[in-house]
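Hi,

Here is the structure I said I would pass on. Have a look at it first, and my notes follow below.

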Amino acid sequence: MEEGKIISIIESILFVSGEPVKLAKLAKILQEKIEEIEKALNTLSEKYAKEESGLMLLRKGEEVQLVSRSENTEFVESLVKGELQDSLSNAAMEVVSIIAYRGPLSKAEIEEIRGVNCSYTLRNLLLRGLIERNDNPRDNRGYVYAITFDFLKKLGISDVKKLPEYATLSVDSRINSAIVSEDNNAQKDGNEN
């Protein structure tokens, strides 16, 4: 693939992701060598520096993230503070509810349930301290999101299991229902013989 196309794809991925992405993941998605990814990232970083863009690439170890330029912090903070002081949007309520009832979940799992990109909403919920991001035990290249103690405190409950209809809506209950259903089917089959 030509370098210009690699740069374009990486820029799109980083923009949509809204969180750090591992170089190995970029290489896998683009089916390119890490060296080609590094070269494209260097070119992209130089492009942002030359154009005095409002964006820049932030690198930490084997991860890279597209972020706003530090010179624009006060303006970005005004936007974020305004949004954080507002009540939660419907999208934020949906995402935090999904995480509370079904979490911990990866971003992809949340988006599969909602059917839309959740990067911005997840970022706002993280900033508000309602959710936290942890390493994904099933896939060390990604993260899972879970509710925080602050979430529980703000709702005034001591345990997530005290959420309304938690037993009906949570993943645990679906697993338990499947087990009970299998047991009932096995007993029914046993009685018929």
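Let's start with Tyr48, which sits in helix α3, residues 34-50. Keep in mind that this is a predicted model. Tyr48 has a relative accessibility of 3%, so it counts as buried, the cut-off being under 20%. Leaving aside residues up to four places away in sequence, Tyr48 touches Glu11, Ser53, Leu55, Met56, Leu57, Leu66 and Arg69. With Glu11 there is also a polar contact, side chain to side chain, at 2.5 Å. Arg69 is 21 residues away from Tyr48 in sequence, yet their C-alpha atoms are 9.4 Å apart in space.

Leu57 stands opposite Leu66 of β3. Strands β2 (residues 55-60) and β3 (residues 63-68) run antiparallel and are joined by six bridges.

What lines it? There are 19 lining residues, and Glu19, Lys25, Lys107, Arg141 and Gly142 are the ones nearest the pocket's centre. Elements giving two or more residues to this lining are α1 (3-17), β1 (21-22), α2 (23-30), α6 (107-114) and β5 (143-147). Of these, α6 gives the most, with three residues. Sorted by class, the lining has eight charged, seven nonpolar and four polar residues.

Cheers

Notes. Residues numbered from 1 in each chain as written. Predicted model: local features only at pLDDT ≥ 70, side-chain atom pairs only at ≥ 80, totals over all residues. Heavy atoms only, no water. Pairing = 2+ DSSP bridges. Helix = DSSP H or I, 4+ residues; strand = E, 2+ residues; numbered from the N terminus. 1 Å grid on protein atoms, 1.4 Å probe; cavity = no way out; pocket = protein on both sides within 12 Å on 5 of 7 lines; lining within 4 Å. Nonpolar A, V, L, I, M, F, W, Y, C, P; charged D, E, K, R; others polar. Buried < 20%, exposed > 50% of the residue type's maximum accessible area, 1.4 Å probe, protein only. Contact = heavy atoms within 4.5 Å. Polar contact = N/O pair within 3.5 Å; in protein donor to acceptor, adjacent residues only side chain to side chain.
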